[in-house]
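Here's a quick briefing on a protein chain. Have a look at the model first, then read on.

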Amino acid sequence: MTEEIIYFPLGTRCTTVSMIAYTFNKRKLAYPFDWIDIDFSVIYEMLNLEFNNVDDYLKEYFKNIDIETYRHKIDNTWFPHDFVKLSGQEAIDAMTVKYIRRFKRMLELFESGKEIIFLTITPFIYDRNYSVYFQIMRLLQQKVKGKSQFIAVNITDVDFSTEHFTHFHIPLVRDDNGWELFEKSIAEKLQNDITTSKYFTT
């Protein structure tokens with residue numbers, strides 16, 4: 001019997017989890033970075049959390065969410081999906097409980113010994129220091145007790161693959177259907193490339 005593989009959305013926008021959940025039907029549980037717009041530096045900071053510090057950190061963190069813009073006042077992380085059904089302090093309270101649960105679930109996953117595919121999609125190459133992404137990779141390779149594989153789109157402008165990392169450059173294309181063409185291009189690449197096709201079937 002094949003070991004279960006967990007597909008983990010590792011930023012930076014909800015395109016990543018959308019593809020895991022709806023394009024490939026690989027989503028089993030919710031994790032912290034699923035439906036938010038978040039910078040690599042914030043992901044790196046949050047991944048350094050220890051289990052016993054999750055509650056205090058996140059209770060303090062969510063005090064700084066602007067209920068008008070849905071963004072964190074300090075690091076600018078955007079939480080649009082968390083304000084769809086709730087608003088104001090009610091939304092903040094619900095988010096705090098939800099993300100505490102998701103962060104603890106994530107840390108338990110890292111300890112579980114399961115194989116994890118970390119998928120990261122950015123819509124285009126930003127003018128920023130992507131060395132942080134590779135710091136995230138190294139940190140996760142230390143934290144994850146099982147096998148880990150990293151697949152990313154648009155960290156840089158070239159395609160390449162190493163033992164634990166595959167990267168694709170896929171230019172952002174949009175039309176009246178929003179992200180549909182972009183996601184279709186990514187799906188085709190993941191399904192047809194020799195290094196990723198075994199993970200992405202529909």
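**A buried isoleucine**

I186 sits in helix α6 (residues 180-192); helices here are DSSP runs of H or I with at least four residues, and strands are E runs of at least two, numbered from the N terminus. This is a predicted model, where local features need pLDDT of at least 70, side-chain atom pairs count only at pLDDT 80 or more, and totals for chains, interfaces and linings use all residues. Residues are numbered from 1 along each chain as its sequence is written, and side-chain values use heavy atoms, leaving out hydrogens and water.

- I186 has 0% relative accessibility, so it counts as buried (under 20% relative accessible area; exposed is over 50%, partly exposed in between, with a 1.4 Å probe and protein chains only).
- Leaving aside residues up to four places away in sequence, I186 touches M19, I121, V153 and I170 (contact means heavy atoms within 4.5 Å).

**Aromatic pairs**

- The whole structure holds 24 aromatic pairs (Phe, Tyr or Trp rings, six-membered for Trp, with centres within 6.5 Å; planes under 30 degrees apart are stacked, over 60 edge-to-face, the rest tilted).
- The F8 and F110 rings have centres 6.0 Å apart and planes at 50 degrees, so this pair is tilted.
- F8 lies in strand β1 (residues 5-12) and F110 in helix α4 (residues 88-111), 102 residues apart.
- Both F8 and F110 are buried.
- For Y70 and F83, the ring centres are 4.3 Å apart and the planes at 10 degrees, so that pair is stacked.
- Y70 is partly exposed at 28% relative accessible area, while F83 is buried at 7%.
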